[in-house]
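Q: Hi! Could you walk me through this model before I set anything up?

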Amino acid sequence: FPSHDMKPKARVLINLFLRGLLVVLPLALTIIILIWILGIFTDLLHLNELSFVEIVVYLASGVIAITLIGRFTQGVVAQQVLEFLEGIIEKAPGLSWIFGTTKDMTEAFVGDNRKFTKPVRIKITETTWRLGFLTDEDLEELGLPGFCSVYLPMSYSIAGEVLVVEKSNIEPVDVDPSVLTKFLISGGVTEIK
């Protein structure tokens, strides 16, 4: 029989993977966008020449590498090295915008500083509501007092839209943010428990 220690160990591994993802994803997305801009992505990786087994091996290797990076970046020294490297990237023209945007998006969904933690519903008509996440409770700095911004994830996509909504048309939803995200991205087919 498996020991009762398996759940905490699995949670630790998941946390390590997510930590690695926070480190790897912004940098990886920046590199991928640069390669795409240069038009050599397919030629560089020879993606059209890979077999199914090779793709599986590469994906498994990537997951293992990201988890190991998450493990090695837990320490204080590693954090200082990462901050130094991020400082260099953020000073590079063009790279700072790509890296900063991808890092902000990654941190919005994963890690300790998640942004989509306030599920809400927006009243569209008397009988119609849209579900999303409150991202800014006061847009007075944009000249919109009494308004806030709500992010609405798109179904079957990582895309979404931001709506500026009068506060009186927003109500909190008492549901776990991760459950609501799954529900919205699945097009409403995921069961909410």
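A: Happy to; below we go through confidence, fold, cores, salt bridges and surface.

Q: Great, what kind of model is it, and which residues and atoms count in the values?

A: This is a predicted model, where local features need pLDDT of at least 70, side-chain atom pairs count only at pLDDT 80 or more, and totals for chains, interfaces and linings use all residues. Residues are numbered from 1 along each chain as its sequence is written, and side-chain values use heavy atoms, with hydrogens and water left out.

Q: How confident is the predictor, and where is confidence lowest?

A: The protein chain averages a pLDDT of 77, and 79% of the residues score at least 70; pLDDT is the predictor's confidence in each residue, from 0 to 100. Confidence is lowest in helix H2 (residues 41-45), with a mean of 57, and highest in strand S1 (residues 119-123), at 89.

Q: What does the secondary structure come to?

A: There are 6 helices and 5 strands in the protein chain. Along the sequence the pattern reads α-α-α-α-α-β-β-β-β-β-α. Helices (H or I, at least four residues) and strands (E, at least two) are DSSP runs, numbered from the N terminus.

Q: And how much of the chain is buried?

A: Of its 193 residues, 22% count as buried. Buried means under 20% relative accessible area, exposed over 50%, and partly exposed in between (1.4 Å probe, protein chains only).

Q: Which residues make up the largest nonpolar core?

A: That core has 8 residues: Val120, Ile122, Leu134, Cys148, Val150, Leu152, Val165 and Ile170. S1 and strand S3 (147-153) are the elements that give two or more residues to this core, and S3 gives the most, with 3 residues. A second, separate core has 6 residues, including Phe116, Val175, Leu180 and Leu184. A nonpolar core here is a set of buried Ala, Val, Leu, Ile, Met, Phe, Trp, Tyr and Cys residues joined through side-chain atoms within 4.5 Å.

Q: Switching to charges: how many salt bridges are there?

A: The count comes to 4 salt bridges, each a side-chain nitrogen of Lys or Arg within 4 Å of a carboxyl oxygen of Asp or Glu. One of them joins Lys118 and Glu137 at 2.6 Å, N to O. This pair links distant parts of the chain, 19 residues apart: Lys118 is in the loop between helix H5 (95-109) and S1, and Glu137 is in the loop between strand S2 (129-136) and S3.

Q: What does Arg121 pair with?

A: Arg121 forms a salt bridge with Glu171, with the closest N and O atoms 2.6 Å apart. Arg121 is in strand S1 and Glu171 in strand S5 (residues 170-172), 50 residues apart.

Q: Why does Arg121 count as partly exposed?

A: Because its relative accessible area is 31%. Glu171 is also at 31% relative accessibility, so Glu171 counts as partly exposed.

Q: And Lys123?

A: Lys123 forms a salt bridge with Glu126, the closest N and O atoms being 3.5 Å apart. Lys123 is partly exposed at 29%, whereas Glu126 counts as exposed at 66%.

Q: Last one: which residues form the nonpolar patch on the surface?

A: Phe52, Val53, Val56, Val57 and Tyr58 form that patch, with about 540 Å² of accessible area together. Phe52 lies in helix H3 (residues 52-72) and counts as exposed because its relative accessibility is 66%. Patches are made of residues with over 30% relative accessible area and no salt bridge; like charges are joined within 9 Å, and nonpolar side chains (Val, Leu, Ile, Met, Phe, Trp, Tyr) within 5 Å. Accessible areas come from the Shrake-Rupley method with a 1.4 Å probe; for residues, only the protein chains shown count as cover.
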